[in-house]
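Open the model in your viewer and keep the selection tool at hand.

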Amino acid sequence: FADWPGLPGWTWVVTDDGAGHPDLIAREAVDMTFTTILRSCDVVVSKPGYGTFAEVAVNGVPLLYLPRPGWPETPHLAGWLAEHGRCQAIEAKDLFSAEALQAQLQKLFSIPIKPLADPSGDEEAAQAILALLAKMGRIQV
């Protein structure tokens with residue numbers, strides 16, 4: 001975090017102590033729930049992950065993400081989030097250049113805002129399982 005560029009007007013909440021950077025605040029120092037912090041953010045920077053991608057889509061927060069080479073879920077999660085929210089892949093080197101970071105943020109913020117994603121994955125999964133069990137003759141629907 002010591003090499004994180006300063007962007008005028010930006011403060012970043014991080015999961016570490018921020019290494020004394022004046023624009024970084026440790027998440028533990030913010031007296032709010034995770035969801036309240038998330039909803040208060042202009043953007044999230046993260047690696048692809050089920051929880052993060054779902055949370056930003058459901059809460060309408062744009063996401064810059066660092067691809068995870070070799071992680072097979074990345075293209076599927078990124079495709080899903082592009083359909084249900086706003087996201088932009090970013091290279092790690094762009095996080096350490098104020099100009100590159102600003103350009104990536106502008107690109108991300110130019111993506112049209114979409115309706116909030118409906119958190120109905122549990123119901124969709126249950127329906128898919130029931131359909132599969134019915135097809136196998138294990139249950140009658």
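Begin by selecting Leu130, which counts as partly exposed because its relative accessibility is 37%, where buried means under 20% relative accessible area, exposed over 50%, and partly exposed in between (1.4 Å probe, protein chains only). This is a predicted model, in which local features need pLDDT of at least 70 and side-chain atom pairs count only at pLDDT 80 or more, while totals for chains, interfaces and linings use all residues. Residues are numbered from 1 along each chain as its sequence is written, and side-chain values use heavy atoms, with hydrogens and water left out.

Next, turn to the charged side chains: how many salt bridges does a search of the whole structure find? The search finds two, a salt bridge being a side-chain nitrogen of Lys or Arg within 4 Å of a carboxyl oxygen of Asp or Glu.

Select Lys93 together with Glu91, and you will see a salt bridge whose closest N and O atoms are 3.9 Å apart. With Glu91, Lys93 and Asp94 shown together, you are looking at a network linked by salt bridges.

Is Lys93 buried or exposed? Lys93 is exposed, because its relative accessible area is 56%, whereas Asp94 counts as buried because its relative accessibility is 10%.
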